[in-house]
Amino acid sequence: MNCDHALKVLDAHLDDELDTATSAQVVQHLAACPACAARLAERRSLRVALRQLPREPAPAALRRAVQHALTRVEDAGRARRSRSVAWWQALLLAGATASLAFVVGLWVGAPRDPDLSEQLVARHVASLARSDALVAVLSEDRHVVKPWFAGKLDFAPPVRDLGSQGFTLIGGRLDHLGGQPAAALVYRIRRHEITLFVTRAASAAQEAPVESTLRGFSLLTWSAGGLRFAAVSDVEPRDLRRFGELVRAPAD
Amino acid sequence: MDEPSRRERFETTILVHLDAAYNLARWVLRDDAAAQDAVQDASLRAFRFFDGMLGPSPKAWFMAIVRRACLDGLGRARRRGVEESYDEDAHGEALQDAACTAESPESLAIRASDLRRLHACMEMLPREFREVLILREIEELSYREISAVVGVPIGTVMSRLARGRERLARRLRAPDARKLP
């Protein structure tokens with residue numbers, strides 16, 4: 001090993017990140033080369049010095065602020081759940097006061113996973129109820145929306161620009177679905193919002209689109225490329241079907 | 001919906017690293033108040049996404065979120081027109097900082113006792129070197145963990161550490177010291 005090579009791997013040697021064979025070569029070189037040995041000694045004293053830098057503990061005020069904030073998040077979660085219960089109770093009451101046939105009539109297709117359908121509608125409606133909760137990144141540009149998710153999820157949701165087909169991208173936010181982190185992409189067509197939830201699929205298997213409706217909401221779910229897609233909106237089912245086709249169309 | 005135990009798990013796996021988080025944030029942002037804001041923000045983000053936590057090292061996972069929150073904080077400050085504090089890269093290597101320049105021209109060795117000077121020299125390093133040095137030397141993370149925190153390949157971690165240490169050593173050596181090869 002010559003000096004050039006030794007200096008390149010000297011830090012990894014110091015950090016104990018070299019494989020045994022290379023480390024042995026470094027040791028051998030150092031024994032014969034005072035300049036490189038001096039460099040390593042300097043590195044070691046630098047390490048000793050750096051490790052003496054005071055490590056300021058997190059201030060008590062910060063710890064308190066974090067604890068308060070966590071409690072607020074938990075409370076908000078509980079309140080949101082009870083609010084959504086109240087919402088459904090009110091809806092059920094309204095449904096009951098109408099007619100049974102009317103309520104039954106709204107269940108056009110039997111949802112494949114009733115629990116998921118409920119959640120989809122609940123998350124969609126909750127985001128519409130508060131304007132500040134609809135999107136965390138507001139942009140019609142998919143080159144802004146897509147990178148926004150980087151580092152926030154362990155998958156990259158495909159973001160399509162469907163503006164010329166009438167589906168305007170509004171933005172995206174982080175959400176959760178079935179206990180899993182989800183990317184929520186919001187599109188708009190003729191004043192109707194469509195939320196497209198993207199989560200990790202349980203398997204890489206393709207799943208053909210399944211349409212259903214729930215209390216006037218159209219739902220569409222499918223899986224592709226290891227991702228599970230679920231679109232929900234109050235548009236006509238055929239509009240949502242077209243939306244799904246466009247999202248699944250091969251990228252241009 | 002098992003919230004108390006979720007919170008407890010969060011405290012024992014993530015919040016135990018709050019000191020480390022605060023230390024990293026202070027070194028990245030070089031401002032105590034901004035560091036507190038960033039760590040609080042990061043703790044909340046971590047709490048929200050705790051269930052989707054990835055990788056074998058909760059500490060590295062949390063530190064990555066803290067670093068991201070710091071960079072978001074820097075971005076916000078820049079947009080508001082707040083000058084980011086001094087950065088060596090932006091001002092050129094030639095500029096001398098009184099606190100960092102060696103006061104004893106004959107000393108070649110690094111004076112471990114002079115922590116104030118070391119601190120000043122560290123603060124003058126560009127952020128990409130500063131953060132890997134803190135993660136490696138103070139938090140003692142492995143190259144693999146640092147690579148996950150900073151989001152660069154392990155080879156880049158290695159070269160940033162080498163270059164960062166070299167810059168630091170060069171500054172700590174006396175100004176007239178002969179250049180090592």
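Does E166(B) count as buried or exposed, and at what relative accessibility?

1. E166(B) counts as buried, at 16% relative accessibility. Here buried is under 20% relative accessible area, exposed is over 50%, and partly exposed is in between (1.4 Å probe, protein chains only).

2. Some housekeeping: this is a predicted model, where local features need pLDDT of at least 70 and side-chain atom pairs count only at pLDDT 80 or more, while totals for chains, interfaces and linings use all residues. Residues are numbered from 1 along each chain as its sequence is written, chains are lettered from A in the order in which they are written, and side-chain values use heavy atoms, with hydrogens and water left out.

3. On to E166(B)'s partner: it makes a salt bridge with R43(A), 3.0 Å from N to O. That contact crosses between chains, running from helix 9 of chain B to helix 3 (residues 34–51) of chain A. R43(A) is buried too, with a relative accessible area of 5%. A salt bridge means a side-chain nitrogen of Lys or Arg within 4 Å of a carboxyl oxygen of Asp or Glu; helices are DSSP runs (H or I, at least four residues), numbered from the N terminus.

4. R165(B) pairs with D11(A), closest N and O atoms 2.8 Å apart. R165(B) sits in helix 9 (residues 154–172) of chain B and D11(A) in helix 1 (residues 3–14) of chain A, so this pair joins two chains. Both residues are buried.

5. R68(B) and D72(B) also form a salt bridge, at 3.7 Å. They are 4 residues apart in helix 4 (residues 58–79) of chain B, so about one helical turn separates them. R68(B) is partly exposed at 40%, and so is D72(B) at 25%.
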